[in-house]
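Walk through this structure in two stops. Begin with a helix and its surroundings, then turn to the residues that a database record annotates.

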Amino acid sequence: MLGYEVNFDGLVGLTHHYAGLSFGNEASTQHRHAVSNPQLAAKQGLLKMKALADLGFQQGVLPPQERPHLPMLRKLGFCGSDESVLVQAMRTAPQLLSALSSASAMWTANAATVSPSADSADGKIHFTAANLNNKFHRAIEAETTSAVLQAIFSDRQYFIHHDALPQVALFGDEGAANHNRLGGDYAKRGVQVFVYGRQEFGGKQAPVRYPARQTREASEAIARLHQLDPEHTVFLQQNPEVIDQGVFHNDVIAVSNQQVLFHHQQAFWHQQQGLEQLRRQMAAVETELVAIEVPTARVSVADAVATYLFNSQILTKPAGRMMIVVPEESRQHAGVWQYLTEMVASGGPIDEIKVFDLRESMRNGGGPACLRLRVAMNEPELRAINPRVLMNDTLFATLNQWVDRYYRDRLTQHDLADPQLLREGREALDTLTSILGLGSVYPFQQ
C-alpha cells in the first residue's frame with residue numbers, strides 16, 4: 001500500500017500584525033509594532049503551497065481563525081455591541097486586543113500532534129489539538145482547530161480526534177513543532193520522537209531565560225491517547241541552553257523526514273545518548289537512521305535562529321531523493337548557504353534546495369516548517385479526507401481572488417479596533433468555509 005506525507009499549510013489570517021506577543025521567540029519580539037501586510041503574507045504562503053503541489057507533493061490548506069476573538073473579549077468583561085467591545089478594548093487594554101487579534105493560527109505546526117495509522121494500535125490516524133497554554137493568544141485556538149480538523153478528517157473509519165490536554169502548565173503542549181517521526185515508507189510503522197523542554201515531575205534541567213513550552217508529561221499523555229507502542233516511541237529533552245538562545249520549539253533546531261534527522265550539534269540534552277536510542281529503535285523497524293548533525297563551528301545557534309535553517313521542510317521526491325525547503329533568509333546568510341550547498345553536493349539523501357520568500361511570516365517568528373502540519377497517510381486514508389482542501393490550479397486561483405477581495409495590504413495595531421475589519425473578516429471566513437467545504441467551524445457561524 002502506497003504511503004504519502006500530506007502537508008497542510010496554514011493560510012495567514014486577515015489580522016496578521018506584528019505585536020511581539022511571543023516571549024522567547026526573538027523574531028517575533030524584534031519586529032513588534034512594525035506595519036504588516038496581511039495580503040502579501042497570505043499570498044506568500046499560497047505561492048509556497050502551489051509550488052510544492054506543482055512539484056508533485058500532496059499539499060493541503062488549513063483556514064485562519066476568526067480574529068479579533070470577540071467571545072473571549074466578552075468573557076473578560078467587555079460588553080455591548082461588537083463595535084463597543086472593540087472600542088473599549090482598544091482604549092483600556094490595547095495589548096489584550098492585540099493578543100486576541102493574533103493571526104498565529106497560521107503556524108499549523110502547532111495545531112496538533114498527529115500519529116499515523118501504521119503506528120497506532122487501533123490502526124487509525126489520531127489527532128490531538130495542542131492546548132498551547134504557554135501563550136494566551138494561542139491558548140484560545142484549540143476549539144476552532146479541533147472543529148477544522150474534524151471537518152477535514154471526518155470519516156470515523158480512519159480518523160480519531162482527541163480533545164486538547166488540560167489547560168495547566170503540567171500539560172503544556174505545543175503540537176507537532178515538538179514532534180518528529182522517523183522511519184521508511186510513510187505507510188509503514190515508524191518511530192515517533194517527542195521532544196520536550198521540561199519535565200514537571202522529577203525533572204532537573206530547564207531553561208532559565210525563556211520558558212520551556214512543551215512538557216514531557218504532555219508528550220507522554222499524547223502517546224497514550226494515540227495508542228503508540230512504547231517500543232517505538234522516544235522522548236528526548238531539548239537542550240535548555242538553546243531554548244535560552246531563542247529556540248522556542250524543537251523545529252527551530254531540528255527537522256526529520258523518513259530516515260533523516262537534520263539537527264544542530266546542540267539540539268538535544270545528552271544528544272549522543274539520544275541518537276543511539278534512535279538508532280536502536282530505527283533498527284527495530286528495519287530502517288537505518290541518517291543523522292545529519294550541523295556543527296556549531298559551521299552554524300552557530302544564533303545564526304540557526306536568525307535564518308531558520310532548521311525550520312525547514314525535508315520532502316521526499318518521486319525518485320526517492322530529498323529536497324530541503326528553506327526561507328530566503330537562509331540563502332542571504334553566507335555561512336548557512338555555504339553549508340547547505342556543500343550538504344546537497346555531498347552525495348547524501350538531500351540533493352536539492354528550494355527557497356521561498358516568507359518574509360511576512362518570518363518577521364512574526366515562523367518559517368516554512370511552522371506553516372505546515374504533516375499527516376502521514378495511506379491511499380484509502382487520503383481518499384477519505386475532504387478533497388476541497390487539497391491544493392490545485394483551481395483552488396490556488398480561487399484563494400488568490402479571495403485574498404484580493406478581503407485582505408488589507410497594510411495593518412497596524414490601531415486598525416484592530418476598526419469594526420469594519422471585524423465585518424470583513426467574518427464575511428471572508430464565511431466565504432472561505434464554503435470554498436473549502438468545511439461547514440460551520442467558527443463561533444460567529446453557530
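Helix H8 spans residues 216-225. Its buried residues are Glu-217, Ala-218, Ser-219, Ala-221, Ile-222 and Ala-223. The model is predicted. What do the buried residues of H8 pack against? Their partners are strands: E3 (112-115), E4 (125-129), E7 (191-196) and E8 (233-237). After H8 comes Gln-227, with a positive phi near 55 degrees.

Now the annotated site. An unreviewed UniProt entry lists Glu-174, His-249 and Cys-370 under "active site". These residues are spread over 197 residues of sequence, yet they cluster in space. The largest C-alpha distance among them is 11.3 Å.

Take His-249. It sits in the loop between helix H9 (240-243) and strand E9 (254-257). Is His-249 buried or exposed? Its relative accessible area is 2%, under the 20% cut-off, so His-249 counts as buried. Setting aside residues up to four places away in sequence, His-249 touches Asn-110, Glu-174, Ala-177, Asn-178, Arg-213 and Gln-238. Glu-174, one of these contacts, is also on the UniProt list.

Cys-370 lies in a loop too, between helix H14 (359-363) and strand E15 (372-378). Its relative accessibility is 2%, so Cys-370 is buried by that cut-off of 20%.

Notes: Residues are numbered from 1 along each chain as its sequence is written. This is a predicted model: local features need pLDDT of at least 70, side-chain atom pairs count only at pLDDT 80 or more; totals for chains, interfaces and linings use all residues. Side-chain values use heavy atoms; hydrogens and water are left out. UniProt positions are given in the numbering used here, feature names are shortened, and annotations may be inferred rather than shown by experiment. Helices (H or I, at least four residues) and strands (E, at least two) are DSSP runs, numbered from the N terminus. Buried means under 20% relative accessible area, exposed over 50%, partly exposed in between (1.4 Å probe, protein chains only). Contact means heavy atoms within 4.5 Å.
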